[in-house]
Amino acid sequence: MAKMLKEGDAVPDVTLHGTGGAPVRLRDLLGDKALVIYFYPRDDSPGCTVQACSLRDQYQDFTDAGADVVGISSDSAESHEKFVAKYRLPFRLLSDPDGAARKAFGVGTNFLGLLPGRVTFVADKGGTIRYAFDSQIQVKKHAEHALDVVRSLTGQGAAPPRPA
């Protein structure tokens, strides 16, 4: 596994599966606004649901601050569609069935290698990573930290939090 991306690294040029399996090039989502990219283990699991819903509940704050949000897991596009509908998620979920994006970002596994990692990245409009937060258990902190970083990038808030 490659080393996890850090502040100053470029967003990798990876293509994932979107709604209906349509290809989505991650770098094509950059340019107009900052992008919050969050990797999570599995649709509809307890921690992943809390994380997704905390991002949903703050989604308007993200868009007001000039950012969009995208979630990535190895679940199928069909699973993502059900998850989005069940919890009324306003952002896009992308499928990474072969783990290419996870590998390109250096997002490993946790808990003796049994569970895919939970990492949130914030990239600026130009595609440079400005923040990375890796925590399997602090699921609500992903949204809080990402929003603080987005606001700092657009001059709407304090300096971003530093990883523990």
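**A walk around helix H1**

Visitor: How far apart should the ends of helix H1 be, going by its 12 residues?
Guide: This is a predicted model, where local features need pLDDT of at least 70, side-chain atom pairs count only at pLDDT 80 or more, and totals for chains, interfaces and linings use all residues. Residues are numbered from 1 along each chain as its sequence is written, and side-chain values use heavy atoms, leaving out hydrogens and water. Helices here are DSSP runs (H or I, at least four residues), and strands are E runs of at least two, numbered from the N terminus. Expected span is 1.5 Å times one less than the number of residues, so H1 (residues 46-57) should span, in agreement with its end C-alpha atoms, 16 Å.

Visitor: Is Cys48 buried or exposed?
Guide: Cys48 sits in helix H1, and the unreviewed UniProt entry has an "active site" annotation covering Cys48; such annotations may be inferred rather than shown by experiment. Buried means under 20% relative accessible area, exposed over 50%, partly exposed in between (1.4 Å probe, protein chains only). Cys48 has a relative accessible area of 1%, so Cys48 is buried.

Visitor: Which residues does Cys48 touch, not counting those up to four places away in sequence?
Guide: Contact means heavy atoms within 4.5 Å. With that cut-off, Cys48 touches Tyr40, Pro41, Arg42, Phe83 and Arg118.

Visitor: What do the buried residues of H1 pack against?
Guide: Those buried residues are Cys48, Thr49, Gln51, Ala52, Cys53, Ser54 and Leu55. Their packing partners are strand E3 (34-39), helix H2 (59-64), strand E4 (67-73), helix H3 (77-87), strand E8 (119-123) and helix H5 (139-153).
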